[in-house]
Amino acid sequence: MQNKGLVTVFAILFGLVCLYQLSFTFIANKVEGEAEAYAKSMYDGSQPEERIAAETKYIDSVANDPVFLGIDYNSAKEKVLNKGLDLKGGINVILQVSVEDILRGLANNSKDPAFNQALANAKELQKNSQDTYLESFYTAFEALPGENTLASPSIFFNKNLEDDINAGMSNDDVKEVLDRKVDEAMVSAFEVLRKRIDKFGVTQPNLQRLGKSGRILVELPGAKDIERTKDLITQTAQLEFWEVFKAETFQNFFIEADSKLKELIAPETVEEEADTTQTEENVVDELLVGDDDTSDQDPDIANPLLSKISFGAPGFPVLATVELKDQAAVSEYLANPQVRQLLRDDIRFAKFVWGIPKESVNPETDEVTEYVELYALKGNRENEPPLSGGVVTDAAQSYDQSGRVSVDMQMNGKGAKVWEEMTGNAYSNQSQIAIVLDNIVYSAPGVTSGPISGGRSSITGDFTIIEGQDLANVLRAGKLPASADIIQAEVVGPTLGQEAIDSGVLSFLIALGFVLIWMVFYYGRAGIYADIALVVNILFIFGVLAGIGAVLTLPGIAGIVLTIGISVDANVLIFERIREELAKGKAQKDAIKDGFNNALSSILDANITTGLTGLILLVFGTGPIQGFATTLLIGILTSLFTAIFITRLFIDGYTKNGKPLPCSTSVTKNLFKNVNVNFLGKRKIAYVISGLLLITSLGSLFTVGLNQGVDFVGGRTYTVRFDKDVNATKVQNDMIAVFGSAEAKTYGGDNQLKITTKYKVDDTGDEVDVEIEKMLFEGLKPELPAAMTYEDFISDDETKTVGRMSYYKVSPTIADDIKKSSFWAVLGSLAVVFLYILLRFRRWQFSLGAVAAVFHDVLIVLGIFSLTYKIMPFNMEIDQSFIAAILTVIGYSLNDTVVVFDRIREFFNEHPKWKMNRIINSALNSTLSRTLNTSITTLIVLITIFALGAESIRGLIFALIVGVVVGTYSSLFIATPVFFDTVRKRGIDLSDKKEETEEEGVK
């Protein structure tokens, strides 16, 4: 091998770079492990929030201290190997920003019938279309009868767009403007979310705009407070600034309202009492209290409103404080029309809103009480705020001179002028200004230093650091330009994440051990060199993943472990060729040189075809599937380098002084040496067997179908763990009673179920998610611990062992998109591979044989899933992971087939006078050792993952196991025979020799 020194230097330097990249992960994990140990020593498992706070405090205290080679935690954290949602827990959502809302806003909420009809029709078109909503709107608008123009004064030729649109513009001209405006709104929505997420404290967040579909992908691995995170990313209402009334303004109103409510409630109470049968206890109570009217003794009746509120201090904006449990009742009282009539003329437009919930602790009893504060905004007839949040350009949590948490805010020029006027009025009247989002008052600061000019302000109050950060996030984000619904969501609790890591690491180590031992057993000292190259390969894979900032997911670990199985293929090809050259009587040095050279073509072809399917998977896949494709592609590249160069360095170094290297052991020396199977002679039997399998598969696919997961049909799936074994059938019946349609399957152990429902599948709002989770909890109550509350059920505590462990939601719209993109991914991979083989082998018959084998393998895998999904004790849903498995099966099948085709092409050149069937049979027999060796190592790896890996990828691994077995069979009995029959029937001479004839005995 030439340039050995250069290869050695590069390998050493690249290895050091990989170690350096991985050192950041080691440092960050070390500090976080110490922080976790510290927090556990301070607080037990019943205090999860205190633990998290203690961990954060510890990390903050040591974040800038050097840990290793001068690297501190803060520096290391920016370069760690990112873990995905399924390994770290967290939340992954796809938001659909409403283009309809954007268009309505651009049209100034036009009442034009044609415009509103087009919006409604566009929504219907979207149900069966792959066009964007904007394209569907254009189609719907142009399909309306009559001459309708987008530049109409009643639609888009309005004050908002007068600088961009005039009455003389054609629809096409207006479309260009709308395209730009909608895109600007999407960019704004994306930036709003990015700013919120970036300041939220989640490590390695990932936000992506998904084309022009109006969708935004938000991945937040490691988010601990899932509900708070969901609230943050789905806040869509406008931020508003309102002047507020003082507490004393409403004290008389509350007293009058209380009297009015007493009148309204009293008749209902008397009627209820008249219908109530007196018990013995009632009689005793009456004897004890006498004949007096007992209604006045009940505070809820005597003072319906005043019994539930505590008046706020005069001069301040809090009208009253109310216990959280009474908030709904007080809201209902204040919204009563007869109560609203009691408001004086100067406060009749008052808008009652609540603050954020707070807690108070009784120092004597340590009893915690949750309460909320009531405010009254100075509303108006139009119910429009004096100032909206869009004017805020920046905000940040800080501290004032007294060390209290504060929030600094900056407005643009337009907002600064209004803000100066508002703060001037507040200063003169000694009143306050409320910061309101989603009708919740986040703060109501007063003005202490006169009118504030320039738009820069500092807001102080009784904030915690988190409350200050949240207020700054709200201010900085401003407003979303349109509503954003979660159309796909995945929530994974940290417990499942840690279990996935543990099982992934275990399966990885055991599979690696099997492969290392097998290579030494089969190839002796050469196997040791292959093992060294494999370990270096793994180092390279993890180093590259860390270096490029890739995310390691559970399918990604499966991709790495699979890479272990197939990366030895290159070494197997090389060692087998060296053994062949030695068998020909060549000198060892020449045999090694020719072995590497002759194997190179097969190695490249096999890895390129697998790489092409990986690229398609990377393009069409999302989330964890992209992680699988990323690790697979990196593994292909690194395994090529380590097998071709690293192994060669060790082999050349060992044999340079003439030391023998037979690439075998005494046990394996003569294995497959004199094999002479007439594969072509058995092809008709194989055709019959495959035909029966294909007919059975197709029959099952058309009659039984596949168990399509929510990825393809939409719905919600919950992984729920119990504290005891449960009967899946009974739970399923209970869930059907609750939802009308549901499915429950054992998922892993008998104490864990995967529950799927399509109830309200078309509703994507967060409130619907909460409603369904509450229904799920109520339906499962008989199987859950008696003391478990709904909050416990959905909590994301790291020590959680019972309750909802993960959650996955897909709307029908995106499910349809996933299904279609999966179809094109599979079809595209077949087309690309067909073209590559055609280009590489220059005969379409080679491509036909390869694609026929791939179709054969895919249909049989699908058929087995269709036939067995009802009886298998693990999840066999057809989802995105399954599509990843199918594409991997395609790559693997092609890998095997291409190696055989390469040998056929080589034999045609070496033996031009051989007859075709002899060439093909000889090629198949000569590659049999390699084919079985690679298949065995790959199967060992896959079976290890299947047995020990996480439940969530068991279906994927089962598909790969079936694919490897079927792919090995098809490369021997389908691909080459189909190629042979096609060439023979057309009379094509691949060797360009006229004397080639068919050998007797081949029928």
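Modeller: Gly627 is buried, with a relative accessible area of 7%; buried means under 20%, exposed over 50%, and partly exposed in between, with a 1.4 Å probe and protein chains only. Its place is in helix α21 (residues 624–655), where helices are DSSP runs of H or I with at least four residues, numbered from the N terminus. Gly627 and Leu545 are 82 residues apart in sequence, yet their C-alpha atoms are 9.9 Å apart in space.

Before we go on, please keep in mind that this is a predicted model, in which local features need pLDDT of at least 70, side-chain atom pairs count only at pLDDT 80 or more, and totals for chains, interfaces and linings use all residues. Residues are numbered from 1 along each chain as its sequence is written, and side-chain values use heavy atoms, with hydrogens and water left out.

Now to the charges. Side chains of opposite charge can pair when their charged atoms come close. A salt bridge here is a side-chain nitrogen of Lys or Arg within 4 Å of a carboxyl oxygen of Asp or Glu, and by this rule the count comes to 30 salt bridges. One of them joins Arg683 and Asp981, with the closest N and O atoms 3.0 Å apart. This pair links distant parts of the chain: Arg683 is in helix α22 (residues 683–703) and Asp981 in helix α32 (residues 954–986), 298 residues apart. Arg683 is buried at 2% relative accessible area, and Asp981 is buried at 11%. Elsewhere, salt bridges that share partners join Arg577, Glu580, Arg903 and Glu906 into one network.

Asp346 and Arg344 form a salt bridge whose closest N and O atoms are 3.1 Å apart. With a relative accessible area of 52%, Asp346 is exposed, whereas Arg344 counts as partly exposed at 41%. Glu36 pairs with Lys40, the closest N and O atoms being 3.3 Å apart. Both lie in helix α1 (residues 4–42), four residues apart, about one turn of the helix. Glu36 is partly exposed at 31% relative accessibility, and Lys40 is partly exposed at 46%.

Helix α1 also holds Val9, which is partly exposed with a relative accessible area of 47%. Together with Ile12, Leu13, Leu16 and Leu19, Val9 makes a nonpolar surface patch of about 470 Å². Patches are made of residues with over 30% relative accessible area and no salt bridge; like charges are joined within 9 Å, and nonpolar side chains (Val, Leu, Ile, Met, Phe, Trp, Tyr) within 5 Å. The accessible areas come from the Shrake-Rupley method with a 1.4 Å probe, and for residues only the protein chains shown count as cover.

There is a charged patch too: Asp131, Glu135, Asp173, Glu176 and Asp179 form a negative one. Asp and Glu count as negative, Lys and Arg as positive, while His and the chain ends are not counted; the place of a charge is NZ of Lys, CZ of Arg, CG of Asp or CD of Glu. Helix α8 (residues 171–198) gives the largest share of this patch, three residues. Asp179 lies in helix α8 and is partly exposed at 38% relative accessibility.

Note on methods. Helix = DSSP H or I, 4+ residues; strand = E, 2+ residues; numbered from the N terminus.
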